[in-house]
Amino acid sequence: MTQADKKKRSTRKVKMIPSPVVIRVQAILQKEMVREFLAELMSTFVMMVFGLGSVAHMVLGENFGSFLGVNLGFGFGVAIGVHVAGKVSGAHMNAAVTFTNCALGHLPWKKFPVYVLGQFVGSFLAAASIYGIFYAAIMNYSGGNLTVTGPVATANIFATYLPEYMTLWRGFLDEVFVTGMLQLCLLAITDKRNNPALPGTQAVVIGILIVVIGVSLGMNTGYAINPSRDLPPRFFTFIAGWGTEVFRDKNWWWVPVVAPLLGAYLGGIIYVVFIGSTIPREPQILENPVEYEDHRTPVLPKTMPHQTVNSSRASVSVSLDNRTPVQPVPPLSDNIQVQQF
């Protein structure tokens, strides 16, 4: 081997050593909060890209989309999002679900802003991506005039708006009810003490739940049921050219933020009170009864002299001369119930 080849090999070895910047970045990415933030960002981004894309097909394409297609887009978008981040953060993808998990004690409150920030960033980036992908179609459909209402309105691709027949407070109650149904069913699907979805099928079942909610309860308000689904894309349309009308139209913008929080919390409380608290707890059993029998305290023979029985609980009195050594009782394992003794 020539000297030049040796120098090349040594140079390659030096390049393979990670720099301090790379090491620092890797250390940051290994932190739990950072991983959960990125997981919520990516899962929400995936859900919103598929969901908003299906809405764009329904609004912009005469023969390419339908309301059923929107429900399928959001439903399977949620299912794929669960696969993306389910093992890292739980793939909430919904600020109302995160709020309820914190309120019920399933998630520390310190993680609430981390989860919500990740969801908001992912949703905003998804709206920007859909705008870029469908830019030509949006301009062709609207004639270059970006409007919130009217026959060529396109703001509804990104956020929900009330139809003419709905009032503000009817829409508020609708969002509370639909989000409550969502949260109640989510707890039923994931409650291991009840009748949860089979392992590996949770994502599909949750996706089917979203589709069912859409086709049965989605007509009145567009079933936002998620502050992370509605507010970030609405803010994007505000800065992308639709203007302040996205917040002024019927003053609806705050309802998809507040109503889902209230609805999800009520749905969670209803499940815990009426279902979760009534599920009987299974008694714990011995892991190895035979092994336990071998370690019980030996019973003294009845023929032993000077033995007197004081009570039905077999209290034993033994003379000092004829006393039989007794093995100490081993500590009870955690899974043995006291009442069994």
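I looked up the side chain of Arg229 and found that it reaches the backbone oxygen of Phe158 at 3.0 Å. I count a polar contact as a pair of N or O atoms within 3.5 Å; within protein, one must be able to donate a hydrogen and the other to accept it, and residues adjacent in sequence count only if both atoms are side-chain atoms. The model is predicted: local features need pLDDT of at least 70, side-chain atom pairs count only at pLDDT 80 or more, and totals for chains, interfaces and linings use all residues. Residues are numbered from 1 along each chain as its sequence is written, and side-chain values use heavy atoms, with hydrogens and water left out.

I placed Arg229 in helix 10 (residues 227-242). Helices are DSSP runs of H or I, at least four residues, numbered from the N terminus. Is Arg229 buried or exposed? Arg229 is buried, at a relative accessible area of 7%; buried means under 20% and exposed over 50% (1.4 Å probe, protein chains only).

At the N-terminal end, Asn94 caps helix 5, with a side-chain oxygen 2.8 Å from the backbone nitrogen of Ala96. Just after helix 5, I noted a positive phi of about 85 degrees at Gly105.

Terms used. Helix = DSSP H or I, 4+ residues; strand = E, 2+ residues; numbered from the N terminus.
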